[in-house]
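The following exercises concern the annotated residues of one protein. Please examine the sequence and the structure before working through the solutions.

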Amino acid sequence: MRLATWNVNSIRARVARTVDFCAREGVDVLAMQEIKCKPEQFPYGPFEDAGYQVVAHGLNQWNGVAIASREPIEDIEYAFPDMPGFLKGHEGPGAPQEARALGATIGGVKVWSLYVPNGRGLDDPHYRYKLEWLSALTGYTRDALAKNPDLALALVGDFNIVPTDEDNGDPTLIEGVTTHVSVPEREAFEGLLDAGLSDTVRPLIPTGYTYWDYKQLRFPRNEGIRIDFILGSHTVSDAVTGAKIHRDERKGEIPSDHVPVVVDLDLTGPDDDDDRPMIFG
């Protein structure tokens, strides 16, 4: 299985290059973030013409997540357990959930396309919401893997966290001043790893950015950050045979400010016959 994640920053604006990338690179499953549309507005046609089915979750022109797959999409979920909501001026429980999580089982793998809240500012209610959201995601992960330690679980998407200083090339992101690099955010990311996940790309690609702001010539200056990840349970991480960060997708006409992150998974078991094809062939 070739599994990819990409914050496309408006699928309607970038459907042609998104589908072209999937077809050209042989992507089996693509998790998308920031589709910025409702399901009825999603451009399904080009994906279907290329052999993909799509499930989309969006509530308005902001946020939104989707999954495109060459194989059946099953067991669809539009939120993980206890996922908090957010509404400016509405503190505490009961706020409406945003379209930031979409889960589905594909080829035996539980894939979540995730768009973690930005946080906005260290004193902003959105920052507290971000940490609560991540705490609930960690709780779901821990519970799911406690119930089934061999679960093939992949949490993929835009995490809006720069885990290490080496992942930060943007001079405007400063610990103690801005979000994305704060200690609580980094501890929340580590909490996901402690819950039983690992960064499936890092062992193969130790350095490299996945996002460059449109402003201040960040891309030509390579002042990017690494915030897009494919986190997997041991069943997923043990199956990784390759990985790539597609930096060139930040080039060209109307690019997203993020680039795709891809892993190849060999999901056949050790006892499988040598002639048995991998899932998705």
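A contact here means heavy atoms within 4.5 Å. The model is predicted: local features need pLDDT of at least 70, side-chain atom pairs count only at pLDDT 80 or more, and totals for chains, interfaces and linings use all residues. Residues are numbered from 1 along each chain as its sequence is written, and side-chain values use heavy atoms, with hydrogens and water left out.

**Exercise 1.** Describe the surroundings of H258.

*Solution.* Step 1: H258 sits in the loop between strand 11 (240–245) and strand 12 (261–265); strands are DSSP runs of E, at least two residues, numbered from the N terminus.
Step 1: leaving aside residues up to four places away in sequence, H258 touches W6, N7, D158, T210, Y211, I227 and D228.
Step 2: the side chains of H258 and D228 form a polar contact of 2.9 Å, that is, a pair of N or O atoms within 3.5 Å, one able to donate a hydrogen and the other to accept it.

**Exercise 2.** Determine where Y115 lies and what it touches.

*Solution.* Step 1: Y115 belongs to strand 7 (residues 109–115).
Step 1: Y115 is buried, at 9% relative accessible area.
Step 2: beyond four places in sequence, the residues that Y115 touches include E34, R100, W133 and D158.
Step 3: a polar contact of 3.5 Å links the side chains of Y115 and E34.

Definitions and conventions: Helices (H or I, at least four residues) and strands (E, at least two) are DSSP runs, numbered from the N terminus. Buried means under 20% relative accessible area, exposed over 50%, partly exposed in between (1.4 Å probe, protein chains only).
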